[in-house]
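Welcome, and thanks for opening your viewer. Let's walk through this structure together, one selection at a time.

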Amino acid sequence: MRRKIEIQQEETNPSRRRFIKTVGTAAAGLLVVPYLKPSGVFAYNHKSTASYLATVAITNTTGFAADTYVYDDATNGGVKQRVQYLLGQLSGISSLFSSGKKVAIKINLTGGSGNATSKALGSYTIIQAMWTHPAVLQAVGEFILSCGVNPGDLYIVDSLWDTGWQSSGSTAPFGSNDSFGYKAVQTALGCNVVDLNDTTASNITQISTGSNYFHFPNLTMNKILQGVDVYVSVPKLKQHSAAGLTCSLKNQVGTVPKSLYTITGDNGRRGKLHHATSTGTEGNYLPESICDLNAARPVHLAVVDAIMNATGGEGSWCAKFAPCSTHALIAGTDPVATDSIGANLMGLDCEATTLPLPAPMTDGTVTVNACDNYLDLLRTKGVGTNQLSEINVVGDGKTMAVRPNAEEQQPAGFKLCANFPNPFNPSTIVVFYLPKAEHVTLKIYDITGREIETLVEGSVPPGEHRLHWNATGLASGVYICRMLAGNFSESIKMVYQK
């Protein structure tokens, strides 16, 4: 039965109170107390005599060259050295990787390269605040190769929003003129890149989610995800507008081809994973879909890029999106436990049954402030643990303090955010924010200034609003979305790329 969405305040959460009482208010961070595992409790890859159900490694990058993504600095700890140290804290990790094994590394390049110039990024770049940083990707890849995996058996995978990325001269990630640095990483590793959005019949297959699924008895995925021996998720740590947290398990949403999981009214993203219909309850449905995705393609190793990251949402199209620096790298073979430590670094209660959303979300006529906690759902399914007392935290960052509340920045006034995805084909999502009710006009123009379509014309209540625009039937190219609200005027460029 689907649970009612409700916010659990931290001060009334008994498990949180116990945790703070155990470690002390000043150090209420990643120090945890031993937990004697009772018989019959699920243990993820641990012996029955273990005191903990999972081990998670964390390293504090503050004061190291890694904190600004310097890759290799043996003297002052670059990303390469910090990742090697981090993974070295996990007992037996090298045994995952050996000659002859095929390994996939799932990264996250959400939203497409058109968002790289968004004003919401401020002084940060898109690879710092939104995407898995190429330096972290390379360091994880080199560690895997150093364990004996052959370069030809290593695959970097993601759903690539930029079409034509393989064409000559492309500046998209992994394109021949990639300006973000991912092509250089692929070249350095000598590995392969697979676009999980590819729906060529010979490249996709149906993968079962087992008998204990929520919504999908099977999911369509690229065959490479079924063919590899080891699957590694390397996400950026962020909050999420509909799932509360984006980490190694939320990163799974990008494992299915977007074009096969859209629905009417929500075809700018994988709407089928968010709700059964365009008016479904996203705060319940999406966390359950994340559980189904993990059943189809379990994560063997999670390495979380939290050196620089973001609060307020998953991308620059979110009204409260705010880049920040958490100064950490996290890793573990229990993705639920690993993401739980990430959640706590973001000031979220990983043990609660719900997670607060960065901004209220409207599902049809219902507005919610929280979503189901997929970490807790996966715990009940026996996938891993989100209980802090069951997690052994190791590494030099284990005493990092948990922020009592994630940094939230309320937009100062009216705001038209970057569209998502960008580039897009054929639809995209436009997000805008109103501090008060106002008459709003939102129109689409082509590059010559010709009016194409009116999306909004009338009085709109306060809050964050999301609209879907479909460009089917129009020519590829740049389109302008212009918003007028009182004395406010703002425009964004949207790239339609067939």
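A cavity here is a set of points, on a 1 Å grid over the protein atoms alone, where a 1.4 Å probe fits but cannot get out; lining residues have an atom within 4 Å of a point. This is a predicted model, in which local features need pLDDT of at least 70 and side-chain atom pairs count only at pLDDT 80 or more, while totals for chains, interfaces and linings use all residues. Residues are numbered from 1 along each chain as its sequence is written, and side-chain values use heavy atoms, with hydrogens and water left out.

**The cavities.** Searching the whole structure turns up two cavities of 30 Å³ or more, a volume being the space filled by probe spheres set on grid points joined across faces, edges and corners.

Select Thr110, Lys250, Val253, Arg270 and Phe420 to begin: of the 20 residues lining the largest cavity, these are the closest to its centre. The space inside is about 320 Å³.

Next, select Leu109, Trp131, Leu160, Trp161, Asp162, Trp165, Ala172 and Pro173, which line the second largest cavity. This one holds about 50 Å³.

**A helix and its cover.** Now go to helix H2, residues 79–88 (helices are DSSP runs of H or I, at least four residues, and strands runs of E, at least two, numbered from the N terminus). Colour Val79, Gln81, Arg82, Val83, Leu86 and Leu87, which are buried (under 20% relative accessible area, 1.4 Å probe, protein chains only). Then show strand S1 (54–60), helix H4 (134–146), strand S10 (301–311) and strand S11 (322–332), which are among the elements covering them.

**Zoom out.** Finally, show the whole protein chain, with its 10 helices and 21 strands. Of its 498 residues, 58% count as buried.

Technical notes:
Buried means under 20% relative accessible area, exposed over 50%, partly exposed in between (1.4 Å probe, protein chains only). Contact means heavy atoms within 4.5 Å. On a 1 Å grid over the protein atoms alone, a cavity is a set of points where a 1.4 Å probe fits but cannot get out, and a pocket is an open set with protein on both sides within 12 Å along at least five of seven lines; lining residues have an atom within 4 Å of a point.
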